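Reader: Could you take me through this model feature by feature, giving the general idea before the particular case?

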Amino acid sequence: MNAEAFVAELIRENDQLLARLAPAATLTNEVAGDLAPVKLLRAALKNEIEASEIAARWLPTAGSVSLKLALARQAGDEAKHYALIETRLRELDDNLIGFNPLATGYSPMFQYLASLSTDIERVAAGQFTREAIAVVKNRQFIELCERAGDAATARLYRDVIEPDERFHHEMGVKFLRELATDAEAQALARAARLRTIEVAEELQNLAFARAKIHHAPGC
């Protein structure tokens, strides 16, 4: 199929697959686990620094100037998000003394993304899919913050972070339409998209099993 039809099909499939990332638990007082925005914002710092670094890693070998500039924009946006979340945590009386978001190493998601070597796989996994996941997760986190009475954190995500992540996803759509021009490229994109969702699902389940973390924001 042509690139336009292929991307439209991936978007439809993603909408169905991303429903698997909705937390099974509802936002009630009886929910098990720590739903404190402060704890979830600390987890978000790791997501943001990894997202910034992976975009920067891909930039030197990107095959076009337009993709290089998009990756540079994304790396800067994710770094901006890190700084804004860090500021919000301090406003919530978390001074972050001794906190290193990468103290336990890079996540399996980062490791998977870092292993990709072609523009089509990187765009499909990173901008197109991971950023779509971020939009879903951030909407859930905004709902959590609003129910917890943390209007400032909800506003930060609703007005600044989620619009950026949506823009990154839209960049992924644009570049997929440019790159997914034959059957081989489309197969690479489809496989990278599916593996990214699988890794995200595995990480969500692991976070809940180890630390009862759910409703964490994306990046």
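Author: Let us begin with how elements are named: helices (H or I, at least four residues) and strands (E, at least two) are DSSP runs, numbered from the N terminus. This is a predicted model, in which local features need pLDDT of at least 70 and side-chain atom pairs count only at pLDDT 80 or more, while totals for chains, interfaces and linings use all residues. Residues are numbered from 1 along each chain as its sequence is written, and side-chain values use heavy atoms, with hydrogens and water left out.

Reader: In which helix does Asp164 lie, and what does Asp164 touch?

Author: Asp164 lies in helix H6. Contact means heavy atoms within 4.5 Å, and, when residues up to four places away in sequence are not counted, Asp164 touches Arg73, Asp77, Lys80 and His81. Buried means under 20% relative accessible area, exposed over 50%, and partly exposed in between (1.4 Å probe, protein chains only); Asp164 counts as buried because its relative accessibility is 9%.

Reader: How should I read the packing of H3 and H6?

Author: Two packed helices are described by the angle between their axes and the distance between the axes. Axes are lines fitted to C-alpha atoms, for helices over the stretch in contact, and angles run from 0 to 180 degrees between N-to-C directions. Here helix H3 (residues 65–91) and helix H6 (residues 151–179) pack with their axes 11 Å apart and at an angle of about 165 degrees, which means that H3 is roughly antiparallel to H6. On that scale, angles under 35 degrees count as roughly parallel, over 145 as roughly antiparallel, 65 to 115 as roughly perpendicular and the rest as oblique. The contact of H3 with H6 has twelve nonpolar, five polar and seven charged residues, where Ala, Val, Leu, Ile, Met, Phe, Trp, Tyr, Cys and Pro count as nonpolar, Asp, Glu, Lys and Arg as charged, and the others, Gly among them, as polar.

Reader: And at what angle do the axes of H2 and H3 cross?

Author: The axes of H2 and H3 cross at roughly 160 degrees and come within 8 Å, so these two helices are roughly antiparallel to each other. The residues of this contact of H2 with H3 divide into 15 nonpolar, three polar and five charged.

Reader: Which residues touch the most other members of the largest nonpolar core?

Author: In soluble globular proteins, nonpolar side chains tend to be buried together. A nonpolar core is a set of buried Ala, Val, Leu, Ile, Met, Phe, Trp, Tyr and Cys residues joined through side-chain atoms within 4.5 Å. In the largest one, of 36 residues, Leu113 and Leu176 touch the most other members, and H5 gives the most to this core, with seven residues. Leaving aside its neighbours within four places in sequence, Leu113 is in contact with Ile54, Trp58, Ala125, Gly126 and Arg130.

Reader: What should I make of phi at Asp93 and Leu96?

Author: Most residues other than glycine have a negative phi, and most peptide bonds are trans. Asp93 has a positive phi near 70 degrees, and Leu96 has a positive phi near 60 degrees. Asp93 lies in the loop between H3 and H4, and Leu96 is found in the loop between H3 and H4 as well. Asp93 counts as exposed at 75% relative accessibility, whereas Leu96 is buried, with a relative accessible area of 8%.
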